[in-house]
Amino acid sequence: MKFDLNGCLKQINDIGFVDLSGLIEINDIKEIVNEIERPFQATHVNGRRGYIKMGNQRFLANTLSWGRKILDIYTNPFIVELCEAYSQSEVHLSNYRIYQTLPSKNFKMWWHVDNKTDVFDYEKEIFIPEIISADKGLIIIMYLVDVKEGGVQLVKGSHKWSRKHEGKESFDDLEVNFGEDIVTFNNKPKGTLIAYDYATIHRAEPYQGGNTRMSLFGQYSPSWMPTGEPIILHSRDLAGLTEKQMQVLSFGRNSTTENWPIAQPVEALQKHDIDNILNSIPKRKLIKQLLRKTK
Ligand SMILES: O=C(O)CCC(=O)C(=O)O
Ligand SMILES: [Fe+2]
């Protein structure tokens, strides 16, 4: 499908986002979904390439390495042109991920903005966010499965006022004020693609049952902003990249933070891993250990 650049820019300027569904061919999405099926079967641990588990989400490790099609989507000429026109700067991919969001009774994503840096602190082992008011750019989210509930939620027009709350990342406390402006992308087919100004207040709709949502996320920052996450590619895909693709993928530039997210190692354990650990401990030792714990 063809989109009009100026029409899209106007839409983002007016309401904070634009619907680009149809830009990426369904066959390309099917191909990607096939390629990532295997790594989504097991956690990424000790040499086994898979997914990183954090709470109710699973993030594909080394997202860009699983197929040339993935690189081509992240560097789609129209997406890049739109980002550059909106940011009025050359842009680079500062954050990217393919992830599954599972229904959960315990976890709720908070209303937030992403005009920020998120630098990993190796001592504290956490990412430290810093809101940057002047940071202006777009995030894309594309559904890789049909989504009934748990979809992206955006607060229409909030890109025009969120920056006035300097340094503020979480907007849960203002929900009573913006409730009427919430737009929810539920009941949408795979291939649904939304581009939004990342100063627009947003979250994933909390949901407690139903199907797992799988999405592709990319954040494009203006060139004056730090590089962001490490861009890890497969050598298979390096031949034939254009200058523009290399720019978007930050060729020759160092990363300024770690790959997101980094979760607790214990979250990577699957049930059979725990069984293996228990089986590898001599029974007498295990019983002694358990008795000590219950004292
Ligand atoms: O998955 C979503 O709907 C939103 C994700 C998001 O806001 C983020 O990762 O910053
Ligand atoms: Fe976000």
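**Exercises on a predicted protein model**

For 295 residues, a compact globule would have a radius of gyration near 19 Å, and the protein chain agrees with this at 20 Å. The radius is taken over C-alpha atoms, and the globule rule is 2.2 Å times the number of residues to the power 0.38. This is a predicted model, in which local features need pLDDT of at least 70 and side-chain atom pairs count only at pLDDT 80 or more, while totals for chains, interfaces and linings use all residues. Residues are numbered from 1 along each chain as its sequence is written, with chains lettered from A and ligands numbered from 1 in the order in which they are written.

**Exercise 1.** Determine how helix 1 packs against helix 4.

*Solution.* Axes are lines fitted to C-alpha atoms, for helices over the stretch in contact, and angles run from 0 to 180 degrees between N-to-C directions. Step 3: helix 1 is therefore oblique to helix 4, given that angles under 35 degrees count as roughly parallel, over 145 as roughly antiparallel, 65 to 115 as roughly perpendicular and the rest as oblique.

**Exercise 2.** Identify the residues through which helix 1 meets helix 4, and classify them.

*Solution.* Step 1: Leu5, Cys8, Leu9 and Ile12 of helix 1 meet Glu81, Leu82, Ala85 and Tyr86 of helix 4 (contact: C-beta atoms, placed from the backbone, within 7 Å). Step 2: by class, this contact has seven nonpolar, no polar and one charged residues. Ala, Val, Leu, Ile, Met, Phe, Trp, Tyr, Cys and Pro count as nonpolar, Asp, Glu, Lys and Arg as charged, and the others, Gly among them, as polar.

**Exercise 3.** Describe the surroundings of ligand 1.

*Solution.* Step 1: Thr101, Asp114, Ile141, Val152, His202, Ala204, Ser215 and Phe217 surround ligand 1 (C-beta atom, placed from the backbone, within 6 Å). Step 2: strand 11 (202-204) and strand 12 (213-222) are the elements giving two or more residues to this shell. Step 3: the shell has four nonpolar, three polar and one charged residues.

**Exercise 4.** Locate the cis peptide bond.

*Solution.* Step 1: the bond joins Trp260 and Pro261, with omega about 0°. Step 2: Pro261 lies in the loop between helix 6 (243-248) and helix 7 (271-280).

Key. Helix = DSSP H or I, 4+ residues; strand = E, 2+ residues; numbered from the N terminus. Contact = placed C-beta atoms within 7 Å.
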